[in-house]
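Good morning, and thank you for making the time.

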Amino acid sequence: LIAATRYVIDIYNLLDMRKLSSINIDGTLGKLALTPGLNNCYLAYTAGTGNGDVIIYELNKCTKQTTINAYKKPVVQMRFDINGSLLATACSDGKTIRIFSVPSGRKVYSLHRGIHEAEIHSMSFDPTSTLLGLTSVRGTLHIFRLTKSPKSTTESKMEQYLSPHP
């Protein structure tokens with residue numbers, strides 16, 4: 001169980017409600033994301049300091065894993081994939097979506113939504129983590145295909161599909 005206030009995140013064992021850990025936040029708490037599965041149990045959070053840093057916390061060990069310098073602007077949306085191995089982030093302008101490997105924090109994708117600013121309302125991976133869908137305040141739905149580049153094993157590319165293809 002996670003209980004969050006403006007300045008503290010408390011982590012409890014759900015079976016006996018024993019407090020396992022407390023995380024004191026520098027500044028005020030911004031956004032939170034939890035892994036949906038049981039295998040890789042991570043919490044991602046931002047502190048309301050105005051920068052684009054995301055902290056990855058490993059819940060089973062109650063330890064901070066890494067800090068990701070995702071953007072220069074505040075992070076407004078975050079979502080883990082079902083395996084807890086990828087974290088998608090969006091900053092306040094909504095133009096660039098970045099996906100990081102968890103727990104290392106290494107950037108594996110940088111996706112571009114458009115040239116005009118738009119607040120990102122929601123993001124979600126498909127069950128196989130090969131697609132990322134997002135919606136924005138502009139009433140648009142974007143679906144990104146996440147693929148490995150055939151030219152390099154360390155670089156990735158994406159294809160954006162705005163309408164179905166035959």
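How many bridges join E1 to strand E2? Three bridges do so, with E2 covering residues 8-12 and the two strands running antiparallel.

Before going further, let me state the conventions. This is a predicted model, in which local features need pLDDT of at least 70 and side-chain atom pairs count only at pLDDT 80 or more, while totals for chains, interfaces and linings use all residues. Residues are numbered from 1 along each chain as its sequence is written, and side-chain values use heavy atoms, with hydrogens and water left out. Strands (E, at least two residues) and helices (H or I, at least four) are DSSP runs, numbered from the N terminus. Two strands pair if DSSP finds at least two bridges between them.

Let me turn to confidence. The predictor's confidence in each residue, pLDDT, runs from 0 to 100. Its mean over the chain is 84, and 87% of the residues reach 70 or more. Over residues 150-166, however, pLDDT stays under 50, and for this stretch the model has 30 contacts beyond four places in sequence. A contact here means heavy atoms within 4.5 Å.

Now the chain as a whole. It contains zero helices and 15 strands. Of its 166 residues, 41% count as buried; that term means under 20% relative accessible area, with exposed over 50% and partly exposed in between, for a 1.4 Å probe and protein chains only. The accessible surface comes to about 9300 Å², and carbon and sulfur atoms account for 53% of it. These areas come from the Shrake-Rupley method with a 1.4 Å probe, and for residues only the protein chains shown count as cover. Among contacts with a separation of 6 or more, 28% are between residues 24 or more positions apart.

I return to the strands we began with. E1, E2 and E3 form an open sheet in that order, with antiparallel pairing. Its edge strands are E1 (2-4) and E3 (19-24), each pairing on one side only. From one strand to the next, the twist averages 15 degrees, where axes are lines fitted to C-alpha atoms, for helices over the stretch in contact, and angles run from 0 to 180 degrees between N-to-C directions. Within this sheet, Ala3 has Asp10 in E2 as its bridge partner.

The loop between E1 and E2 holds Tyr7. Is Tyr7 buried or partly exposed? Tyr7 is partly exposed, because its relative accessible area is 44%. Beyond its neighbours within four places in sequence, Tyr7 is in contact with Ile23, Asn24, Ile25, Gly27 and Thr28. For Tyr7 and Asn24, 17 residues apart in sequence, the C-alpha to C-alpha distance is 6.1 Å.

A second open sheet has four strands in the order E4-E5-E6-E7, again paired antiparallel. Strand E4 (29-34) and strand E7 (63-71) each have a single partner strand, so one side of each is left without a neighbour in the sheet. Direction ignored, neighbouring strands here are turned by 20 degrees against each other on average. Strand E6 (residues 52-58) is joined to E7 by seven bridges, and Ile55 has Thr67 in E7 as its bridge partner.

Further along lies strand E9 (residues 86-91), to which Thr89 belongs. Thr89 counts as buried because its relative accessible area is 0%. Its contacts outside four places in sequence include Val54, Tyr71, Met78, Phe100 and Met123.

Next, the hairpin of E10 and E11. Strand E10 (residues 96-101) pairs with strand E11 (residues 107-112) in the antiparallel sense over five bridges, and Arg98 stands opposite Ser110 in E11. Five residues separate the two strands, and in the turn Gly105 has a positive phi of about 85 degrees. The loop between E10 and E11 also holds Pro103, and the peptide bond from Val102 to Pro103 is cis, with omega near 10 degrees.

For context, most residues other than glycine have a negative phi, and most peptide bonds are trans. Met17, in the loop between E2 and E3, has a positive phi near 60 degrees. Ser129, in the loop between strand E12 (120-125) and strand E13 (131-136), likewise has a positive phi near 60 degrees. Met17 is partly exposed at 43% relative accessibility, whereas Ser129 is buried at 12%.
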